[in-house]
Amino acid sequence: MKIYLVGGAVRDQLLQLPIKDRDYMVVGATPEQMLAQGYNQVGKDFPVFLHPKTQQEYALARTERKTGAGYGGFSCYAAPDVTLEEDLLRRDLTINAIAQDEDGTLVDPYGGQRDIELRLLRHVSAAFVEDPLRVLRVARFAARFHHLGFSVAPETMALMQQISRSGELDTLTPERVFLELDKALATDAPQVFFEVLRQCAALPILFPEIDALFGVPQPVKWHPEIDTGVHTMMVLEQAAKLSPEPAIRFAALVHDLGKALTPPELLPKHHGHGQKGLTPIRALCTRIRVPNEYRDLALLVSDQHQNVHQAFELKPQTIVKIFDKADLWRKPQRLSQLLIACEADMKGRSGFEEHDYPQAQYLLDCFEAAQNVAIKPIINAGFTGADIKTELQRQRIEIITKYKVKHPKKDTEHSHKID
């Protein structure tokens, strides 16, 4: 029996990145031997064991054979006669197919170290096409390692395109699609995830609502980049720079879905696109099981981002209505999330990346002022029932009106319509 460190831990060690998880492969052992040494078996489809002390995963070396459709359509063979090289051969990318023995010696039969030096994401073998999940995984790795200069090897991109044409992407479960999306949103360059999916023709299959934005024109006055899909990728990139929260990044990703629904005769204008986008956002969230937290923020950003951009022109009663509609009195954290997504929208345009967004601080100040209205004095004044809410709203409008008078409209080119 011989034990090797494998997968991401070896790869990240070579890339001088922090190592989060350590996975081990055991060659030349049986399940009975593992159990006899105190390991606990947890794998159902193939033998995976937890170390009795560290609780780290140890998997028996195995081979796989395609038996059905989808990423779950495999039969596994794990036995003492499976070699290290045979196990590594089934892995997705060469950079993930490097092993390290207990003495620190690297075993790299498929050129993973070379591809790390070349900054290439390259498949290990032709069996790559048997697992449709690898399309999402490679796109995610491209996003994760974009800052290091990694790109997808042309021959691997060709296999990803082959998978897209095969119909196998339809076999991916909604939960798995969202899991890969969520991991991609957590990277430093989440826009690359979608760019790679578009390049391999997987975007219209997995995320048709996003794909529909490419080729849709916007007014050049507000959007020098013109193309809505390009703008969306720029907004997502800016959101990733402004916040680590995946919910904010998701909201930035889908904030303009309504623009794909604009009738051709109205282009390049998109009147009411924020409200039109609510239906495709709900459809996308339902289809891939997006958490309610992500969905609700995305709906809020789509519905209100145009109002936020025009914050200095809004009447105090309109501002209070926005606060009410967003339920900010109970969930105040939503305001900063909304404003960050809107700032990303403003900056996600050619030539606007470094501009300030004073609307955010203005609305934060308005909300802080409105929060100073206490409900107890209203009750003590004799208001009851629905009249309490009416008086509370009146006082909030009044205090924002006073704040607005003291802080007149900013002299900024961003206080007008951004669209």
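Trainee: Which residues have the most contacts inside the largest nonpolar core?

Mentor: The model is a predicted one. Its largest nonpolar core has 102 residues. Helix α5, residues 133–144, gives the most to this core, with eight residues. The residues with the most contacts inside the core are F193, L197, F207 and F250.

Trainee: With which residues is L197 in contact, leaving aside its neighbours within four places in sequence?

Mentor: L197 is among the residues with the most contacts inside the largest core. Contact here means heavy atoms within 4.5 Å. Leaving aside neighbours within four places in sequence, the partners of L197 are V135, L136, A139, A202, L203, L206 and F207.

Trainee: Which residue of β5 stands opposite Y24?

Mentor: Strand β2 (residues 23–27) and strand β5 (residues 57–60) run parallel and are joined by four bridges. Y24 also belongs to one aromatic cluster together with Y39 and Y58. The residue of β5 opposite Y24 is Y58.

Trainee: What is the bridge partner of L50 in β5?

Mentor: Strand β4 (residues 48–50) pairs with β5 in the antiparallel sense, over three bridges. The hairpin of β4 and β5 has six residues between the strands, and Q55 takes a positive phi near 65° there. The bridge partner of L50 in β5 is E57.

Trainee: Which residue of β8 stands opposite L5?

Mentor: Strand β1 (residues 2–6) and strand β8 (residues 99–101) are joined over three bridges, in the antiparallel sense. The residue of β8 opposite L5 is Q100.

Trainee: What is the angle between the planes of F312 and Y362?

Mentor: The structure holds 14 aromatic pairs. One of them is formed by F312 and Y362, with 4.9 Å centre to centre. This pair links distant parts of the chain, 50 residues apart: F312 is in the loop between α15 (292–309) and α16 (316–325), while Y362 is in helix α18 (residues 358–371). The pair is tilted, and the angle between its planes is 45°.

Trainee: Is Q359 buried or exposed?

Mentor: Q359 has its place in helix α18. Its side chain reaches the backbone oxygen of H309 at 2.9 Å. The relative accessibility of Q359 is 0%, so Q359 counts as buried.

Trainee: With which side chain does the side chain of H231 make a polar contact?

Mentor: H231 lies in helix α11 (residues 228–242) and is buried, with a relative accessible area of 0%. Not counting residues up to four places away in sequence, H231 touches Q218, H223, E225, H255, D256, D345, G348 and R349. The polar contact spans 3.5 Å, and the partner is the side chain of H255.

Trainee: Over which ring does the charged end of R396 sit?

Mentor: Two arginines can be described here. R349 lies over the face of F352, at 3.7 Å from the ring centre. The charged end of R396 is 3.5 Å from the centre of its ring, which is that of W329.

Note on methods: Residues numbered from 1 in each chain as written. Predicted model: local features only at pLDDT ≥ 70, side-chain atom pairs only at ≥ 80, totals over all residues. Heavy atoms only, no water. Core = buried A, V, L, I, M, F, W, Y, C linked by side-chain atoms within 4.5 Å. Buried < 20%, exposed > 50% of the residue type's maximum accessible area, 1.4 Å probe, protein only. Helix = DSSP H or I, 4+ residues; strand = E, 2+ residues; numbered from the N terminus. Pairing = 2+ DSSP bridges. Phe/Tyr/Trp six-rings, centres within 6.5 Å; stacked < 30°, edge-to-face > 60°. Lys NZ or Arg CZ within 6 Å of the ring centre and 35° of its normal. Polar contact = N/O pair within 3.5 Å; in protein donor to acceptor, adjacent residues only side chain to side chain.
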